[in-house]
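The questions below are meant for someone meeting this structure for the first time, and each answer works towards the value or name asked for.

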Amino acid sequence: MKMRKVFSVMTAAALTLSLLTGCGGNSSGSAGTTAATSAAAKEESTVAKEETVQAAETGNGETAAEGEELNGTIEYWSSWSETENQALVLQKAAEAFTELHPDVKINFTFNGRDNRYLVQSALEAGTHIDVMDANIDNIVNLWSDYVMDLTDYMDKPYDTTDGKPYKECVMPSMLGLASSLFDGKTMCIPYIPQAFMVFCNKGIFEEVGITEYPKTWDELLDACAKIKAAGYIPITTEDNRRPSWVGYYLSRLVGDERVKEIAADSSQWDDPKILEAAKAIEELATLGYFDPNVASNVYPAGQNDFVISGNIAMFINGTWMPNETAEATPEDFKWGAFAFPEVPNGINGREAGCYSTYAIAVNKEATKEAADIAVAFAAYVTTSEYDQMFSDEANSIPMSLDATWPDNLLEAREVMNSYTERFMSQTSLGSSTDSSTIISDACVKLYAGEITAEEFVEEAGSF
Amino acid sequence: MKQTKRSIAIFLGPAALLYVLVFFYPVVRTTMMSFFEMRGISSPMKEWTFAGLKNFNKLFHTQLFLISMKNIGKIWLYTGIATLGFALLLALILTQGLKFQKFFRASVYLPNVIAAVAIGYMWLLYVFNNKFGLLTTLFKLLGWEKMAQFQWLSGNNMFLSMCIAYVFSNTGYFMMMYIAAMENISRDYYDSAHIEGANVFQRFLYITLPLIKGVLGMSAVLWTTRTIGFFALAQVFSNTSTFTPMLYTYRTLFATEAGSESVNPGVAAASAVVMTLTAVIVSQGLKHLIKTENYEI
């Protein structure tokens, strides 16, 4: 009898665990559900209201939102999971926005990253969605048939733009990216930009006497030598970011467009430039510059180790890393970042780099009322204090020109501002699903010194 | 109630309708999709363009898919032998009337009710981690340095590590099935064999095994259908050596965040069709191989 009880308790516990941890992360929530956030939102909305009044007084008098009062309910499907900081800020922003516009209601569905394909299926099935967000590359590739042209909205002022047209209040490079991907039209509104670069433990750099970040490949080798000599590990990576070193080197050498062709077609792998890139990375491995654990670092073990152990100098990763590792990072950890160095005979310099952004798009079938609310909300999110809150609470990059970036991304900001040419979000080496797993495995073997550059080309090119 | 054609139709109707809607329709639609090209999984049929065998041709020229088929074969065979073997052994032990027998049964069965993703991450992050993982710590405590240094998650060992996790979470399910079958066998056979002087191995070989042969065959078929959809652990232990056709289908259908240009529902459907056919053929083969003799027990 006792055993039976033990059994039932254990089974029940396990079942609950599996329910809690299982897949299916869909969750929805509407603006204005929790008392705590609503109280906070009230306070903030007062500030927002004051700003609106100021805007009306100082600007040309009429904001788009004011011209005709916004009215209606919009359905917003988001790429964040409900518990992520970004989702929390988004909800707070919605609370404040709906306080400002009492006739507006915003219903959220937080799908996590699966949103990119869930939206597509849901729209085909006739589900009512007005607004959706995703990585901008995903919007181009998966949603371009479903989204509304928002170009005209960019010239209008909104609640928090001080009477200025929206396009003058946010990072021009991001708006530029949005329109360059859609033949000059603005089909979505960027928010939470991201970039992929060399992140470093600045403390180690300072300790070994490196005062300037490496600008060329030779300088990188010198830096690695100094770091290793001081007893630190120069470079690490983990499974999710494996192709980064080969990918960045190759994109510098032959350009990201060419790398895209290489990733999609195994017959291109006899290009001697690939071997040249592999040789350079092989040298890093032979000199022992990669983490001895590089082969078995599985996300998030690598990035946690990077901040916790304090003995690893460099990790090519995204601007999301400081946020993802926030809880594990010691207070005295000094974040640094620099652009991937120039490589010998490369066609690109440090002005080119991987960057991308999440973006808010509006369903082209949405009514004009819903679209007006959607854009006004997107403008609010990217120009109000909530834009700053993304930075403060989610360590994200703010969109607004006068927002302050998170401290741990200050150097990343300089790098991002120096980019004039764009590589795909984590270089095009991972752009084909048919080849990315095979290439990624070969990369890690190269880093771990298990295979030579020639073997790498052979192995990575067999897809 | 008298069984008439009408009553059969009435009682079978709802189930049949559900079956047609939930199973038959998707199978037919997926099979059709495999011969067409389209933009997304839910694109309306009028937007499809006929592609003949192009999708299958592409599929069989894609190295990753071929690797994944080999992988699933290896997973099916190796972890199949290990899982069913362990399950049989544990079932034998746990039907001997040991102390705490029910507790042990429950413990072995427990991982089966936890979601595969959770099990996968548990192994990945807490057991196989080569800095502070359970195995590393354990081998260090035992002073077995060589094993403590073992890179469970490096490319070459990932497959082994994933198989261990898979066997762990599946053994309980089949053990329960075997226990049920074994407890169905009358004690009289064993008692009389015991009196005749048969030892434990002989009793297993000549009484237990023949009498649970039907369940063994069924478990092999079940194993096949379970394994062909191998997905969650392959997603967690992400590597070429652990890549499975189901994961290939998923990635081709929905792509990864970085590779959203590679979406190809036609090829994904072709891959699903190949998997279904493989499952049907292997299951039928197994059924023929393990013929059930009916005994009165």
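The expected span of a helix is taken as 1.5 Å times one less than its number of residues, and the model discussed here is a predicted one.

Q: What distance does helix 3 of chain B reach from its first C-alpha to its last?
A: Helix 3 of chain B runs over residues 63-93 and has 31 residues, for which 45 Å is expected at 1.5 Å a residue.

Q: On which residue is the kink in helix 3 of chain B centred?
A: The kink in this helix amounts to about 30°.

Q: Is Glu385(A) buried, exposed or partly exposed?
A: Glu385(A) is found in helix 16 of chain A, which covers residues 385-394, and its C-alpha atom is separated by 8.7 Å from that of Ala93(A), 292 residues apart along the chain. A residue is buried if 20 or more other C-beta atoms lie within 10 Å of its own, and exposed if 12 or fewer do. Because Glu385(A) has 18 C-beta neighbours inside 10 Å, it counts as partly exposed.

Q: Which helix of chain A supplies the largest share of the side that touches chain B?
A: The contact takes 47 residues from chain A and 42 residues from chain B. Several helices of chain A each supply at least two residues of that side, including helix 5 (115-124) and helix 18 (433-447). The largest share, 11 residues, comes from helix 1 of chain A.

Note on methods: Residues numbered from 1 in each chain as written. Chains lettered and ligands numbered in written order. Predicted model: local features only at pLDDT ≥ 70, side-chain atom pairs only at ≥ 80, totals over all residues. Helix = DSSP H or I, 4+ residues; strand = E, 2+ residues; numbered from the N terminus. Bend = angle between axes of the 7 residues up to and from the residue. Contact = placed C-beta atoms within 7 Å.
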